Structure formats: C-alpha cells, structure tokens
Amino acid sequence: MPSRLEINFQRLLARCETMAGDKDRGDWRLEKYVCALQDKIAELKKAPSPPTDENMTEYNKKVEFLKGLIQAEKLSSPSEKAQAGQLLAPAKSATLPDHPQSSALTSTSKEIHLKAESRYTNEMRKELLGEDDSSPVENGIRHRRKHDEMGSSTEDLDAVLQHHNSMQEKLAEDMLSLTRSLKHNTVVAGNIIQDDNRKLEDTLKLADTNYDKLKVESERLEAHTKRACNWWLWGALAAVCMTFLWMILFIRLFPKRS
C-alpha cells in the first residue's frame, strides 16, 4: 500500500503527463510542477516507507523524460527540437498503481514522445516550406492563396531537395576519395612492413651463419690450444730428465776427493 506522500506524487505525475500530452496549450505551469516532482522524489527517498527500487527507477525515468521534453520545447530551431526529441527515453508505462482513473487521464510517456516527435516534424516541414502559423488570419489568407503558391512551393522544395542531393553526392565523393587514400596508404605501409620483415629475416640468417662459423673457429682454437699445452708439458718433462741424467753423469765422472 503506497504512502500518502507517494500517492500525492503519483497524482502530480499524472497531472504533469496530462499537461505534457496536451502541450499545444503551452501551459507554463508544467515546468513548475516538474520541479515539484523532483523535490518529492527526494522526499520519497528519505521517507520511512519509501517505494520499491523498481518504482523509484520508473518515477525517475518519467520525471527525467518530462524534464527533457521541457528543455526540448525551449529550443528555438525545429531541427534542434527534433534532434533533442530523438534523444528522449520514454518510460515504459505512465499508469499509476492503485489509481484506476489515471489510465484514462494520463497519456503514456511513449504517446507523449510520439506526439512531440510528430509536432517537431511538422514544425520542420513548415520551416522548410516557409510557412508561418503565427496568425490565424494570415493562415486563412494563405489557405485561400494555396493554389496560386503551390507551384512556387514545389519549386522551392525541389531546389532544397536538389541542394541536399548535391551535398550528399559531394559527401559521397569525399568519402570515396578518403577511402582510396586510406587504401593506398595501407598498401604502402604493408609493402614497407614486408620489406622490413624480409630484411630482418636476412639479418637473422646472417647472424645464425656467423654464429655457426664462430663456433667452429672457437672449437678449432680450443683444440689447438690443448695440443700446444701437451707439447710444452712433454718438453718440460724431457728437459728435467736430461738435467737429472747430466747431474748423475757429472757426479760419476768427477767424484768428490777425500
């Protein structure tokens, strides 16, 4: 069972959605009501028995949608309004729980969004065709002169369409030129990378070859060093033996006199 604060919030939300669905009246109170909704959301969060997380998320989406709709209405250009309207994210449902009358009085956020987009599209069309609906008398005169100005409006529309087509063709040519340039740069970069890879492979092969040759020469030097060491050892032993034999022979030939 929703609290009294939540029920008041739901009633005010239903009133705001009804006013937003009938935006042609230009009710200035809608912005004030939306500000009050934001304050009540803050109060609901601090309430002793706040709504469920799902309901709070839905309430926030509805209030943000109404706030975005008001901001879009403040824009001066119909094209800016249409662009802002496309960015709006309507809530799933605008019917309020425990209030069966709200479904008959309150427009859904999706319906409000569709009405706003339709209104912005009509404004863009009127701006494109040079129409002005600021005065009912002027509108009546315009309708009476509709058949006379139909040809001029058609020519203006054709000129605008032709201008847009030429701009699209120019943009397509620029995109094709950019694509060709990008493709050329990609091919050149690929060739450079392939050349670098080949040079790197040749360098690695040369390094492997030099390493193998260095290994062979190191083995030969090691073997030569071992052989030279053996010859010096045998030579030293032979010299020692010869010296020992000469000493014995010298002692025998020249004995010590008593």
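How many helices and strands does the chain have? The chain has eight helices and zero strands. Helices (H or I, at least four residues) and strands (E, at least two) are DSSP runs, numbered from the N terminus. The model is predicted, so local features need pLDDT of at least 70 and side-chain atom pairs count only at pLDDT 80 or more, while totals for chains, interfaces and linings use all residues. Residues are numbered from 1 along each chain as its sequence is written, and side-chain values use heavy atoms, with hydrogens and water left out.

Of the 258 residues in the chain, 21% are buried, meaning under 20% relative accessible area with a 1.4 Å probe, protein chains only.

Helix α3 spans residues 53-73. Its 21 residues reach 30 Å from the first C-alpha to the last, close to the 30 Å expected at 1.5 Å a residue. That expected span is 1.5 Å times one less than the number of residues. Buried residues of α3 include M56, Y59, F65 and L69. Their cover includes α1, α2 (29-46), α4 (78-87) and α6.

Helices α1 (residues 4-21) and α6 (residues 109-129) pack at about 25 degrees, with axes 9 Å apart. Axes are lines fitted to C-alpha atoms over the stretch in contact, and angles run from 0 to 180 degrees between N-to-C directions. The angle makes α1 roughly parallel to α6, a term for angles under 35 degrees. From α1, the contact (heavy atoms within 4.5 Å) uses E17, A20 and G21. From α6, S109, I112 and K115 take part.

Notes:
Angles under 35 degrees count as roughly parallel, over 145 as roughly antiparallel, 65 to 115 as roughly perpendicular and the rest as oblique. Buried means under 20% relative accessible area, exposed over 50%, partly exposed in between (1.4 Å probe, protein chains only).
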